Amino acid sequence: MSLRTLFAAALAALAAAVAPAHADSPHLVSTEWLEKNLSNPKVRVIEVSVNPGVYERGHIPGAVNVRWHSDLVDRVERDIAKPEHFQALLRQSGVSQDSITVLYGDNNNWFAAWGAWVFDIYGIDNVKLLDGGRKKWEAEGRRLAAAATVPAPGNVSIRPANTALRARLADVVAAARKEANVALVDIRSADEFNGKVFAPPGVPELAVRAGHVPGAVNVTWSRLVAEDGTFKPVAEIRKLYADAGIDGRKPIITYCRIGERSSHSWFALRKLLGYDVRNYDGSWTEYGNTVGVPISNPAGTVWGST
Amino acid sequence: MTVALRARLPGAAAVLIGAALALAGFSLSEVPGDGRILAFSLASGALFGLVLQRSRFCFYCVTRDYLQVRDARGLLGIVTALALGTIGYHAVFGAFLPVPQGGQLPAGAHIGPVSWVLVLGAAVFGLGMAVSGSCISAHLYRLGEGSLASVLALLGAVAGFGLGFASWNFLYLQAIQAAPVWWLPHYLGYGGSLLLQVAVLAAVAAWLLRRHRQPGTAAAGSMRSRRLSEMFFDARWPGFAGGALVAGIGVLAYLRVAPLGVTAELGSLARTLGAAQGWLPARLEGLDTFAGCATAVKETLLSRNGVFVGGLVLASLASALAAGEFRPRLPSAGQAVRAVLGGVLMGWGALVALGCTVGTLLSGIMAAAGSGWVFALACGGGLWVGWRLLASRAD
């Protein structure tokens, strides 16, 4: 290493230490910050995109690829990745105990936010979301690399799964029956919430009931983001939820169809607003198919009727 | 004066088409979201069309040249494309998927399931090539040369795709669902797979060269031209030059967008048409989960493959005009029937084999896919049977 690169690296490390990564939240980083910190050896960048071939044809230089379908969920059980698998994945991805891990992806960071939720469940520190995700990075014309990175293995150790971040069916049923003092946030589109459609356009109908969990309020995820894909200012998000009656005084459960969009809202409520939030990854595909649970279906749609 | 003017007309039209393609590329790049990719697809499609037309990169024609008069130059062009494409694909694979042994497949590469359905589909495709006179990609560039029979063949192919969709669920559940997907680097690593493929292709080339008989006509693409336009458009380009260019376009297309393929848009048209008419099963089991020439019910007018094929046809038209090879001709009744029938066979075969001579054979073998090699063998068999049948009828 020449003196010059050494100096540059030291400067970069210093910049990482002093400059705020994001004006609004310690859990977000801006595209600008990330570009300046790509050579910082502490920073690990992980792409979680849902469309295959997106990472391969150009990703943020140095980023490694994590596949939602096979890496972040269990391949047999419907569950998040098992601890031993997840720890191996992180070490392979070069994540160490002292790493700053930045997650980003396509589709408005939905699956990257799922990643952030799983990282949090397993107690990994210093995990951040790239505000605006791939979309913003590309729109700003920042450079991409096409060669996949194989980083030196990291030494991170995961902690036992933190169940306080994850809601299960019983928790949601208790909330629906008003046996628990919990606020439910349905982050799907209004048409899904009202039962006019069983699933968003282009997505298979995986539930035999339409509608929502009784008592849930509808705050569609897209209301949290600006045109460029970044989160709106924290104060604005706080007000938006407060107007819907979600002010953090009661514990919250977020859900959607399969739990990925709701990870995005979970991230906003938990990380940006600091509320007590659990994500319900079973979401409507579990709840809407469960026998003997109450639903609310304002549109009155009946599955299979012609 | 008028004669001189008329002689210049095709050249002027070719320049106009070229300019229109360039303009279309610039405006496509402004499309929000997919613009860059659409512009690249148009440009690579146009380049592909130019190369196919100038080097007569037609799988059936070059095989027939060999079978009839032992002229192996065209087939050697295909072998060149496969060998250089193999090298380029392996270079890209190293970037996309650094470690090949983990059970994963490189994103988007045309590596398909191998079953008797692939063998049957490829053989029927080969038969269809012989019956209609060309494969689908060659019909597309011949469209640019004014071949009206190619219009019929392509319409037949759309109908064939419809039959393919109708038979898909049965074939999928019978064989395709449980069929293995063979990718050489899984077993041999990148080095082994690269060496094996290049060695096999070199052996094929050596064998073809031994059996090759040089025809009496002047060699293609001699360099006696004094003008640039003459150099490009006076004689056809040699087969190996076409093959090298096809390999280059194929590798770049895979790096940037998707492997080369010419049937996705045709199949999507058939699927959209069939779905709108209620002719297709409501669900095509597993079809959309395979890498290959994917079809989809069309939701937008501009698709990547549609733009690619559009560029191919327009560039081959410009190229044919510039070379004086644009000759609109009406097929005889017999030729028309053969074109449609062959088209139907090719459409069915391309759907159940998840691609044609470009999508499954070229892009498959370049990707070291077992499915590519199986397609090549079965398609060659079908072609030979068709060629024999036609030859015996002509006798």
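These are my notebook entries on two interfaces in a predicted model.

**Ground rules.** I number residues from 1 along each chain as its sequence is written, letter chains from A and number ligands from 1 in the order in which they are written.

**Entry 1: the domains of chain A.** I looked up how chain A is divided. I found domain 1 (18-162) and domain 2 (166-287), with bounds from an automatic or database domain assignment. Their C-alpha centres lie 23 Å apart. I then checked the contact (heavy atoms within 4.5 Å). Domain 1 of chain A gives 22 residues and domain 2 of chain A gives 26.

Next I took the buried area, which is the accessible area (1.4 Å probe) that two parts lose on being put together, summed over both. The two domains of chain A bury about 2,200 Å² between them, and 62% of it is on carbon and sulfur atoms.

I searched for salt bridges (a side-chain nitrogen of Lys or Arg within 4 Å of a carboxyl oxygen of Asp or Glu). The rule finds two across this domain interface. I also looked up A:Lys271 and A:Asp120, whose side chains meet in a salt bridge at 3.0 Å, N to O.

I went on to the elements; helices are DSSP runs (H or I, at least four residues), numbered from the N terminus. Helix H5 (110-121) and helix H6 (133-139) of chain A each give two or more residues to the domain 1 side. H5(A) gives the largest share, eight residues.

**Entry 2: chain B against chain A.** I turned to the contact between chains. Chain B gives twelve residues and chain A gives ten. Together they bury about 900 Å², 53% of it on carbon and sulfur atoms. On the chain B side, B:Phe96, B:Gln104 and B:Ala107 supply 45% of the buried area, more than any other three residues.

How many salt bridges are there between chain B and chain A? I count one. B:Arg36 forms a salt bridge with A:Glu138, with the closest N and O atoms 3.7 Å apart.

Which helix gives the most to the chain B side? I noted H10(B), with three residues.

Key. This is a predicted model: local features need pLDDT of at least 70, side-chain atom pairs count only at pLDDT 80 or more; totals for chains, interfaces and linings use all residues. Side-chain values use heavy atoms; hydrogens and water are left out.
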